[in-house]
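Biologist: I am new to this structure. Please show it, and then we can go through it by question and answer.

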Amino acid sequence: MLKDAIRKIAIFPVLVYQYTISPLFPASCRFTPTCSQYTKEAILKHGPLKGGWMGIKRISRCHPWGGHGHDPVP
């Protein structure tokens with residue numbers, strides 16, 4: 001029960017981004033699912049520390065010389 005609460009707190013900033021900031025810009029993510037969705041799924045699946053780290057690594061790959069395509073949460 002405490003783990004679920006911590007995970008919900010950890011994904012709150014991602015949800016704020018998805019519903020407030022993301023709609024203001026055109027879709028430009030190179031990956032599917034999007035980086036924010038990937039981070040949310042990673043936190044829910046692997047917990048806030050590992051999932052958050054996976055999200056940071058994914059965002060750092062989102063640049064013109066990075067990868068692209070389908071990249072699901074392992």
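Biologist: Is Cys29 buried, exposed or partly exposed?

Modeller: This is a predicted model, where local features need pLDDT of at least 70, side-chain atom pairs count only at pLDDT 80 or more, and totals for chains, interfaces and linings use all residues. Residues are numbered from 1 along each chain as its sequence is written, and side-chain values use heavy atoms, without hydrogens and water. Buried means under 20% relative accessible area and exposed over 50%, with partly exposed in between (1.4 Å probe, protein chains only). Cys29 has 33% relative accessibility, so Cys29 counts as partly exposed.

Biologist: How many disulfides are there?

Modeller: A disulfide is a pair of cysteine sulfur atoms within 2.5 Å. The closest cysteine sulfur to that of Cys29 is in Cys35, at 3.8 Å, which is too far for a bond. Cys35 is likewise in no disulfide. The count is zero.

Biologist: Is Cys35 buried or exposed?

Modeller: The relative accessibility of Cys35 is 9%. Cys35 therefore counts as buried.

Biologist: Which residue has a backbone oxygen that the side chain of Arg58 reaches at 2.4 Å?

Modeller: Arg58 lies in helix H3 (residues 48-60); helices are DSSP runs of H or I, at least four residues, numbered from the N terminus. Because its relative accessibility is 1%, Arg58 counts as buried. Not counting residues up to four places away in sequence, Arg58 touches (heavy atoms within 4.5 Å) several residues, including Cys35, Tyr38 and Asp71. The backbone oxygen reached at 2.4 Å belongs to Pro33.

Key: Helices (H or I, at least four residues) and strands (E, at least two) are DSSP runs, numbered from the N terminus. A polar contact is a pair of N or O atoms within 3.5 Å; within protein, one must be able to donate a hydrogen and the other to accept it, and residues adjacent in sequence count only if both atoms are side-chain atoms.
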